[in-house]
Amino acid sequence: MSIENRSESDLESLERKLGIKLKVKPWAHQIEALLRSRDLSHFAFFFETGTGKTLTCINALRIKFQRAKMLMPTLILSPPITLTNWKREWLMHSGLKESDILILSGSQKERVRLLSENMGRPKILITNYESLLMKDLYGMLQIYRPMALVCDEAHKLKDSKSRRAEQATKLADLSTIRFLLTGSPVLNSMMDLFSQFRILDGGSTFGKNFFAFRSKYFFNKNASAPAHVTWADWRLRPGAEVDIRAKISKISMHVEKSKCLDLPPLVKKKVYVEMSGDQRKAYDSMLKDFIAVVDDKASVAELAITRGLRLQQIVSGFVNVEEGAGERSEVEFRDNPRLDALHELLEELTPHHKVLVWAVFKQNYKQIISVFEKLKLKYVQVHGEISSKAKQEAVDQFNTDPDTRVFLGHPGSGGIGINLIPASYAIFYSRNFSLENDIQAEARNFRGGSEIHEKVTRIDIVCASTIDEEVLKALDLKQQIGESVLREFASKLRG
């Protein structure tokens, strides 16, 4: 039940408990999270995208600031496209001034200059995870010594061996207050939790040694396999999942939007297309190469995934061609039924609806834009070839300009941390093997606020009886795609 359904005395009582004035009326799950985290120095907000984790975290920090009677030096780590949104949310929902908030972006030199000008002053520093890998800047962040650390989209720190996770851990150990935010704490397996909780609580939950953690909760199913099976297959020990969930529940809260928000139906449709003759010829040739790599006993995930992505590229409309001396170029197929299907969908939808179009390969962008232009559609684009400033401008334009009908985005660039609820349709033109990107992209227009639509529709353009279809099946099952999954694909495709 939201605050608007409570009496005024209930609201005043809640504000007394929290110690802050509430700038907006929270949802019931946000209130619960604030009450659970208020007396803890560390907490994980495992909120699915669209359930208000940013605002919840801001209010949780406001509680800490109020108790400390000061603005604590705070560092917020977040994906690049979300930095401006974090600043906007702070200004909207707190009493802070613009001068209290500093976004560290641009080159390392520019970030160092900005931070050096503000050393010794309590600030809300907002920056992306790349700052952890900038030697000079990272040294200054250690000197700045943030009292509060927030890791947004914390699953990006799931690999304890990565430099990014190592640097985040060192900063966390210097901080008094630590919050994690993510809707997908587990993408591959529950091993993903170790690094995130090491950052969160200094090792109190799972210890500081990853191998000890793995040995306690997992076993290698392939330990006694034949000699030619060289890869590990780590599985949870009996009872391990129950134990892990019990431990993390003490300092985290999991929120599913289907259970806490009054959202419209999410309708999923598939539009099946065939391949052209040239596509089929290229696909069959690459399929043999893919199966050969996966069947090779010495194959590694990188090789299998590379070949699998080549198949994905072909069904999306282009092929990589060897030109000698190791050089490669991309050739587009002139006859591309997938592009024709997109044209028909947009022609039907855009007069009445705003539409998101997601594509994972940069070679797709030019082709897709040609469709927009043929239909005389006003559009914006957010992907890796667009600057951070232009990305935010594109998001704002799409959300506020009624004549801008289409948003073209890459799930990794435009699918994280932004609100695109004016769109009632999302078309997935091409896809890769990232479960994280798929989840994030789907949540851009299916989130709190999307109740303005009677329904939200996801349309996947799929090439039948190809790896394209198999990948979509795995993503539908929320299955991260790695070498073991690709082996199963190869077995099916071989037949």
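In which loop is Lys 376 found? In this predicted model, for which local features need pLDDT of at least 70, side-chain atom pairs count only at pLDDT 80 or more, and totals for chains, interfaces and linings use all residues, residues are numbered from 1 along each chain as its sequence is written. Side-chain values use heavy atoms, with hydrogens and water left out. Lys 376 is found in the loop between α15 (362–374) and β14 (378–382), where helices (H or I, at least four residues) and strands (E, at least two) are DSSP runs numbered from the N terminus.

Although Lys 376 is not a glycine, its phi is positive, at about 60°, and with a relative accessible area of 74% this residue is exposed; buried denotes under 20% relative accessible area, exposed over 50%, and partly exposed the range in between (1.4 Å probe, protein chains only). A positive phi, near 60°, also occurs at Lys 69, again a residue other than glycine. Lys 69 is placed in the loop between α3 (53–68) and β2 (74–77) and is exposed, its relative accessible area being 69%.

The structure holds 28 salt bridges, each defined as a side-chain nitrogen of Lys or Arg within 4 Å of a carboxyl oxygen of Asp or Glu. One of the pairs joins the side chains of Glu 442 and Lys 268, with an N to O distance of 3.4 Å. This pair links distant parts of the chain, since Glu 442 belongs to helix α18 (residues 435–442) and Lys 268 to strand β10, 174 residues apart. Glu 442 is buried, at 12% relative accessible area, whereas Lys 268 is partly exposed, at 45%. Both residues take part in a network of salt bridges that also links Arg 338, Arg 431, Asp 438, Arg 458, Asp 460 and Asp 468.

Glu 470 is buried, at 10% relative accessible area, and Lys 473 is partly exposed, at 42%.

In helix α9 (residues 210–217), the buried residues are Phe 210, Phe 213, Arg 214 and Tyr 217. They lie on the same side of α9 because they cover an arc of only 95° around the axis, the arc being that of the directions from the helix axis to the C-beta atoms. The face turned away from this buried side carries the exposed residues Phe 211 and Lys 216.

Asp 278, Asp 335, Asp 340, Glu 344 and Glu 347 form a negative surface patch, patches being made of residues with over 30% relative accessible area and no salt bridge, with like charges joined within 9 Å and nonpolar side chains (Val, Leu, Ile, Met, Phe, Trp, Tyr) within 5 Å. Helix α14 (residues 337–349) contributes the largest share of the patch, three residues. Asp 335 lies in the loop between β12 (327–332) and α14 and, at 45% relative accessibility, counts as partly exposed.

Methods. Areas by Shrake-Rupley, 256 points an atom, 1.4 Å probe, with all protein chains shown as cover. Lys, Arg positive; Asp, Glu negative; His and termini not counted. Charge placed at Lys NZ, Arg CZ, Asp CG, Glu CD.
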